[in-house]
Amino acid sequence: MTRHLALTVTDAVADLLATPDTAPLSPRTTTADRQQLAYGPTGIALLHIERAASGLGPWQRVHDWLAAATRQPFTSGPDSHPFYGAPALAHAVARAAEHLPGPYQRVLDALDVQVAADVRRRLDAAHRRIDSGLLAELAEFDVIRGLSGYGTYLLHRHPGSVTLRAVLDYCVRLTDPITDRGEELPGWWTASGPSGRPDKKFPGGHANMGIAHGIGGVLALLALAARHGTLADGHHDAMRTILTWLDRWQQEAGRGPVWPYWVTRTELGAGHLAPSSSRRPSWCYGTAGLARAQQLAALALGDTGRQINAEIALATALTDPGQLKAITDNGLCHGFAGLAHVAARMAHDAHPSTAGQLNAAIPGLLSAVCPPDTDPADTALAMVQDTEAGPGFLNGAAGIALALLASATAEPPRSAWDTCLLIA
C-alpha cells in the first residue's frame, strides 16, 4: 500500500505540473529560475522525461517545459555550470534525446560544443592553479558547479571522449597533496567555508567531504568511470587515496559508521573531529551520498568487504532514530525522498547479504513522504505549492516525485535523470 500511495502521489504531482501555463507555481520558476536545473523548468522537465520514457505520460509535457525554459537564450561560458545555464539544459535535453532523438539532436549537438568549450576552459584554469601551488575552490571540482558535474555529463554522453579523459586526469591530480603555509594538505583543501566564500568560522579553510560539494563527488565520478571502463593514469590509486581519507575521519554514531560534512584546519591539526550534533544522512552531505560513493568505488575496485561495509552504513542509518530525526524535509537533496532514492540505487547494486536490509527500509522512508491514509491529491498539491521548497527538482515537488517513482517501483530510472547527482 505504501508503494502504491507513493506512485499515486507521483501521478498527481505530474498532473499538477502538466504544463507551465496551468501549473500552480510562482512566476519565478519560469523567469528568475529559468536557467536553474535545481529550481526551474528544466528540472521539472526531468519528471516528464522519466514518465514519458517509462510509458507513463506524454512527450508533449516534455516539449512544453523545455519550450518554457528556452524562450530566451541560455547562459554559457564562465557564468554557467552543470546546474545553471547551457550545461544544465544539456542534461535535460540529453535525457530526452536518448529516447526521442529526432526533435532534440540539433540543439543537443550545439549544447555539446558549448559544454566542451566550458570544460576545456575550466581544466586550463585548474591546472594553472595547481601549478601555482594555490588551494582549490569548491566550484572548481564539485558536482553542482564544477568539473565533477561536467564529468558525469560527459561520461554518459561521450564516454570515450578525449575531454572526459582530461577531466579524469584532473580528478587524479586533485588527489595529490598540496602544501599551504608549510603544512601538507589534501589536494582538494579549500581556503573558504562550505559556502565557497571566506568564512570566519573556517579560518584555515576546510576539506569538504560531501558528494554535492566535496571530494565525495570526485570519488563517485572516478568510480563510475572505472565501472564504464574509462580510466586515467593513476585512476585506482586516486580512488584509494580518497577512501583512505574517508576511513581516517569515519566515526561511530548510534548503530553504525558516519562521516562528517567537512574537516577544518583545527581538526586536521588535532587529528580528531570536534564534537557535533547528529547529522542527517542525506545525498548532499553525510552517510547516504558517501556510502553510495564508497559502494561504487568498492565495486570498481573489486573490494567486496568495503562494498558490504558501505551498504551496512546506509542500512543502519536508515534505522537509527537519531540520524533520521535530523531529516526535516522531503526533498531530493537532503530529505526523505532523496534518502529513499539513494537506498533504492544502492539496493539494486548491493551484495546479497545486505540488499534485503536496504530494501526493507524503503517503505518507511516512503511513508515519511506520503503518510498512510493521506489524500494523494492533497499531498501532491501541498508539495507543489510549498513556498520554501517550490515545484522544482533539487528540493521540490518534481524531484520528490522522481525519487518516489524510482523507489516505489524498485527499478532504476529509464531516463537516467539522476546521473547529474553522481549516484549512477
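I looked up D373 and found it in the loop between helix 16 (352-369) and helix 17. The model is predicted. I read the phi of D373 as positive, about 70°, although D373 is not a glycine. Most residues other than glycine have a negative phi, so I noted this one. Is D373 buried or exposed? I found D373 exposed, with a relative accessible area of 83%.

Next I turned to R181. I placed R181 in the loop between strand 1 (178-180) and strand 2 (183-185). R181 is not a glycine either, yet its phi is positive, near 50°. I checked its exposure too: R181 has a relative accessible area of 67%. That is over the 50% cut-off, so R181 counts as exposed.

Then I followed helix 17 (residues 376-384) to its contact with helix 1 (residues 2-16). Their axes come within 8 Å and cross at roughly 55°. That angle makes helix 1 oblique to helix 17. I logged the crossing as right-handed.

Which residues meet there? From helix 1 I listed L5, T8, V9, A12, V13 and L16. From helix 17 I listed P376, A377, T379, A380, L381, M383 and V384. I sorted the residues of this contact by type: 11 are nonpolar, two are polar and none is charged.

Conventions:
Residues are numbered from 1 along each chain as its sequence is written. This is a predicted model: local features need pLDDT of at least 70, side-chain atom pairs count only at pLDDT 80 or more; totals for chains, interfaces and linings use all residues. Side-chain values use heavy atoms; hydrogens and water are left out. Axes are lines fitted to C-alpha atoms, for helices over the stretch in contact, and angles run from 0 to 180 degrees between N-to-C directions. Helices (H or I, at least four residues) and strands (E, at least two) are DSSP runs, numbered from the N terminus. Angles under 35 degrees count as roughly parallel, over 145 as roughly antiparallel, 65 to 115 as roughly perpendicular and the rest as oblique. A crossing is left-handed if the near helix is turned anticlockwise from the far one by less than a right angle, and right-handed if clockwise. Contact means heavy atoms within 4.5 Å. Ala, Val, Leu, Ile, Met, Phe, Trp, Tyr, Cys and Pro count as nonpolar, Asp, Glu, Lys and Arg as charged, and the others, Gly among them, as polar. Buried means under 20% relative accessible area, exposed over 50%, partly exposed in between (1.4 Å probe, protein chains only).
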